[in-house]
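Here is a briefing on one protein chain. Look over the sequence and the fold before reading on.

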Amino acid sequence: MLEKFRLDGKTALITGGNRGIGLAVAHALGEAGAKLLISGRSKVEEAKKSLADAGYDVAFVQADIRDPAAPQQLVDAALARWGRLDILVNNAGIASHGDTPDFDEERWRQVMDTNVDAVFRGCRAALVPMRKQGSGAIVNVGSISGFISNVPQNQVAYNASKAAVHMMTKSLASEFAAENIRVNAVAPGYIDTNMSRGGIENPEWFPIWRDMTPMARVGTPDEVAACVLFLCAPASSYVTGEVLVVDGGYLTR
């Protein structure tokens, strides 16, 4: 059974793989035997050292995923290095909080460009080689915010963007299931990353987050990465169109 979690001979592209959940995913897939192409806007050198020290076959491309050309360039880079692309993990994303009347067009556009448009472009670009190969696995990083309206913070743009990711995942899964291409998502709850650190350190927000989470703690990037590995691996060969919630029970309340 453990062999079903191996990714030997597979190639994986991970956007935003330079820190947080993305870096944890890179380590999980690399440990399972995958070759890795990692993209990120910053802190690439730290990720390089971390993954190189682990001995993985890894390449790095510094890219701003909001650039409409970036997703295709990343797919092309993976194909140029290894000749195939088996796995895409659309992890890059941003969060932006604020009351809706004060949420200007620029902030809305930044969230949608990163969390929705870039995910679509990444899927679209990756599907071309995957269809030629006759196989592939895509995992999009959604959020519990795609299911519920978080409190106490207001974040209409982020919530809407992650709901879009969930439905995009289901639509693509339906469209390409017959071609042996699986498309799934993970929906993390509150995870201890730079993105959520401000809220974790907020004395008004964090007690509410903790009290609404049955496990009474935040998760770790490794806990999300393990779920991504499952969705990328042969272990989940009959799973597609799913949004796997990783939230310590938050949605049960």
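**Central strands**

N90 stands opposite N140, a residue of strand 5. The model is predicted.

- Strand 4 covers residues 87–90.
- I87 and V89 point one way from strand 4, L88 and N90 point the other way, and all are buried.
- In a regular strand the side chains alternate between the two faces of the sheet.
- Strand 1 (residues 11–15) pairs with strand 4 in the parallel sense, over four bridges.
- Within that pairing, I14 has V89 of strand 4 as its bridge partner.
- Strand 4 also pairs with strand 5 (residues 136–141), again in the parallel sense and over four bridges.
- Here L88 has I138 of strand 5 as its bridge partner.
- From strand 4 the chain crosses through helix 4 to strand 5, and this β-α-β crossover is right-handed.

- Strand 5 is largely enclosed by the rest of the structure, because six of its six residues are buried.
- G136, I138 and N140 point one way from strand 5.
- A137, V139 and V141 point the other way.
- Strand 6 (residues 181–188) runs parallel to strand 5, and six bridges join the two.
- V139 stands opposite N184 in strand 6.
- Strand 5, helix 5 (residues 156–176) and strand 6 make a right-handed β-α-β unit.

**Nonpolar cores**

- The largest nonpolar core holds 34 residues, and L29 and L36 touch the most other members.
- Seven elements each supply at least two residues of this core: strand 1, helix 1 (20–31), strand 2 (35–40), helix 2 (44–53), strand 4, strand 5 and helix 8 (221–232).
- Neighbours within four places in sequence aside, L36 is in contact with residues including A12, I14, A26, L29, L51, V58 and W82.
- G30, Y56, D57 and A59 are also among the contacts of L36.
- Apart from this core lies another, of 30 residues, among them V116, V119, A125 and F176.
- In soluble globular proteins, nonpolar side chains tend to be buried together.

**V119 in helix 4**

- V119 lies in helix 4.
- V119 counts as buried, at 4% relative accessibility.
- Neighbours within four places in sequence aside, V119 is in contact with N90, T114, N140, V165 and M168.
- V119 and T15 are 104 residues apart in sequence, yet 9.4 Å apart in space, C-alpha to C-alpha.

**Cysteines**

- How many disulfides are there? The count comes to zero.
- C123 counts as buried, at 1% relative accessibility.
- C232 is in no disulfide either. The nearest cysteine sulfur to C232 is that of C227, 11 Å away.
- C232 is also buried, with a relative accessible area of 5%.

**Salt bridges**

- How many salt bridges does a search of the whole structure find? The search finds twelve.
- Side chains of opposite charge can pair when their charged atoms come close.
- D113 forms a salt bridge with R109, and the closest N and O atoms are 2.9 Å apart.
- Both D113 and R109 lie in helix 4 (residues 105–133), four residues apart, about one turn of the helix.
- R109 is partly exposed, with a relative accessible area of 33%.
- A network of salt bridges links R109, D113 and D117.
- R210 and D211 meet through their side chains in a salt bridge of 3.7 Å, N to O.
- R210 is partly exposed, with a relative accessible area of 33%.
- E223 and R217 meet through their side chains in a salt bridge of 2.8 Å, N to O.
- E223 is partly exposed, with a relative accessible area of 32%.
- R217 counts as partly exposed too, at 38% relative accessibility.

Notes
Residues numbered from 1 in each chain as written. Predicted model: local features only at pLDDT ≥ 70, side-chain atom pairs only at ≥ 80, totals over all residues. Heavy atoms only, no water. Salt bridge = Lys/Arg side-chain N within 4 Å of Asp/Glu carboxyl O. Buried < 20%, exposed > 50% of the residue type's maximum accessible area, 1.4 Å probe, protein only. Pairing = 2+ DSSP bridges. Right-handed = clockwise from strand over helix to strand, strands pointing away. Core = buried A, V, L, I, M, F, W, Y, C linked by side-chain atoms within 4.5 Å. Contact = heavy atoms within 4.5 Å. Disulfide = S-S within 2.5 Å.
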